[in-house]
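Please open the model in your viewer and keep the sequence panel beside it, as this tour moves from one selection to the next.

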Amino acid sequence: MRRPRPRSSLAGQILVVQVLLFAVVLVGVGAVSVTQTRQASLDAQERRVRQVAEYVASLPLVRRQLADTTGGRTAATALTVTAEQLRTTSDVAVLLLATPDGRVVASPADPRLQGTTLPAAPGGPADDPSWLGQVRLGEGTSTAARVPVLADEDGGTAGGAAGGAVGRAAGDVVGAVLVGQDAVPWSAQLRTALPDLGTYLGMSALVGVLGAWLLARRVKSQTLGLEPQEIASLATHREAVLRGIREGVIALDPDGVVTVANDAARDLLDLPAGSVGRQVRTLALPPEVVDLLTGGPAPSDRPVVAGERLLVLNRTVLHRSGTTGGEAVGTVTTMRDRTELAALQHQLGLSRTATQALRAQTHEFANRLHTISGLVQLGRYDDVVGFIDRVSRGHAELGEQIAAQVDDPALAALLLAGTSVADERDVELVLAPGAHLPAVPDDLSDDLVTVVGNLVDNAVDAAAGTGGGTVEVDVRDDGAGGAVVRVRDDGPGVDPGLLTELVRRGTTTKHDPSPGGHGVGLALVQLVCHRRGGQLQLQRGDRGGATFTATLPARPRTAPRA
């Protein structure tokens with residue numbers, strides 16, 4: 001089996017990249033430095049050959065000998081001796097003296113050039129008498145300068161005294177001087193600059209390698225010692241986990257900026273596209289949701305109403321060191337949709353209420369059957385008839401009263417069952433004298449059962465806690481197809497200022513430790529009211545206790561599509 005090839009660490013990769021980068025930069029800097037050095041050497045060489053050429057052309061001896069040589073009065077040998085002396089004194093490689101037409105008459109360094117023609121100007125006209133540039137002289141390339149030689153002011157007189165030769169006026173061109181210096185090759189220039197260049201480049205390379213090593217250690221510490229492949233694997237697995245779980249997950253940094261939001265969180269909170277990277281306060285979320293995500297102590301199983309959903313949130317504060325004493329680096333909040341669960345819980349509560357009502361009625365009927373049995377055994381048949389008549393009349397009157405005031409059968413049945421449960425807990429459940437609700441649509445009937453059931457349960461609990469009391473229910477039509485529910489109890493009461501906290505946080509004033517979702521009922525009522533565009537209010541009762549008022553407007557009908 002072939003062993004996997006070991007992967008280099010993050011620090012090693014950064015070090016290699018930095019070293020390669022510095023190597024490229026240093027090579028580039030070296031090339032630029034050598035190029036600048038070569039250009040500076042070439043410029044200095046050109047200035048020198050021009051100065052030497054101008055100096056030689058300005059010598060009176062050279063002027064006179066060139067003029068005499070041109071006139072045939074001086075041998076070229078004497079001119080060659082003068083040119084050699086000037087070449088060795090000036091320390092140049094090539095010094096040529098030529099006639100005005102460019103024919104070489106003195107070439108002390110290379111006699112083979114004697115009688116040849118001076119090279120033409122590089123990149124210029126062929127008959128240019130003065131130029132500077134790179135030309136080929138003999139077997140190599142040289143930096144050369146050509147300067148014309150002008151006749152002296154007494155040139156004409158000297159020529160006449162020599163034997164009748166034609167004289168030249170002052171300023172006439174009597175010849176040319178070409179001074180050349182061999183071009184320094186790249187290798188020589190590189191050898192010259194290499195010691196200093198190597199020193200500077202070595203110091204720079206040492207500093208670069210040290211900086212790369214320190215940077216690699218810094219990056220390694222910031223990535224918690226993870227290698228690149230491990231970071232990529234973690235990111236891939238995190239994305240898969242976030243997409244796989246059904247709970248919503250949203251993470252914020254210490255500044256409240258969204259860093260993670262999975263698909264479930266986007267659906268539950270109706271987050272807009274591109275929400276990651278934005279401040280959570282700019283995402284048009286309900287204020288209570290923003291408060292739970294950003295402020296206060298980390299909540300645990302806190303219900304909150306968001307749109308048409310009842311969500312349960314859990315927030316965890318993340319610390320850099322992994323302990324609660326470390327620096328906070330953000331928060332992660334998970335959320336679950338409890339809307340359907342709360343509805344099912346309410347339905348279970350209604351079933352439990354009906355069960356308790358049946359159980360109370362069972363006890364009541366058993367007691368009445370015992371009473372009837374005793375009366376029969378005593379032979380008091382007229383009293384049996386009267387007792388049965390009174391019992392039947394009481395139940396019939398209660399049912400008729402509720403049916404007369406509440407036309408909705410589901411709500412009427414709920415109230416009738418609630419009276420039996422309230423009687424068992426020594427609480428009197430009554431309808432307000434002016435309560436009246438006509439028949440309502442099915443959706444409003446379902447919402448009324450939810451609202452009235454939760455408010456009545458809370459009111460009965462509050463009234464029973466004071467050793468018996470009264471709960472009054474008032475259900476009315478709002479005149480626009482909706483309904484208004486008012487439930488009053490004479491219990492200990494609740495501060496109206498706590499309504500927002502009770503609804504938003506899902507807290508409860510009950511002390512029953514048994515599981516049953518205490519604290520969710522008011523949140524569910526608030527959700528139903530909010531969904532229909534209504535509201536839930538809390539006031540103190542006239543005789544103490546609390547009065548909850550819920551408004552449930554009719555939902556607008558959607559126009560049929562064409």
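The stops below go from the nonpolar cores to a strand pairing and then to salt bridges.

This is a predicted model, in which local features need pLDDT of at least 70 and side-chain atom pairs count only at pLDDT 80 or more, while totals for chains, interfaces and linings use all residues. Residues are numbered from 1 along each chain as its sequence is written, and side-chain values use heavy atoms, with hydrogens and water left out.

Begin by selecting Leu 411, Leu 448 and Leu 455, which have the most contacts inside the largest nonpolar core, a set of 41 residues. A nonpolar core here is a set of buried Ala, Val, Leu, Ile, Met, Phe, Trp, Tyr and Cys residues joined through side-chain atoms within 4.5 Å; buried means under 20% relative accessible area, exposed over 50%, and partly exposed in between, with a 1.4 Å probe and protein chains only. Among the elements that give two or more residues to this core are α11 (409-424), α12 (442-464) and β13 (483-489), where helices (H or I, at least four residues) and strands (E, at least two) are DSSP runs numbered from the N terminus. The most comes from α12, with ten residues. A second, separate core of 24 residues includes Leu 59, Val 62, Val 105 and Val 147.

Next, colour strand β5 (residues 173-182), which is largely enclosed by the rest of the structure because seven of its ten residues are buried. Strand β4 (residues 140-150) pairs with β5 in the antiparallel sense over nine bridges, pairing being assigned if DSSP finds at least two bridges between two strands. On the other pairing to display, five bridges join β1 (residues 94-98) to β5, again antiparallel, and Val 94 stands opposite Gly 180.

Within β4, select Thr 143, which counts as buried because its relative accessibility is 0%. Its side chain and that of Gln 45 are joined by a polar contact of 2.9 Å (a pair of N or O atoms within 3.5 Å; within protein, one must be able to donate a hydrogen and the other to accept it, and residues adjacent in sequence count only if both atoms are side-chain atoms).

Finally, show Asp 447 and Arg 532, whose side chains meet in a salt bridge (2.8 Å, N to O), that is, a side-chain nitrogen of Lys or Arg within 4 Å of a carboxyl oxygen of Asp or Glu. The pair links distant parts of the chain, with Asp 447 in helix α12 and Arg 532 in the loop between α14 and β14, 85 residues apart. Asp 447 is buried at 9% relative accessibility, and Arg 532 is buried at 7%.
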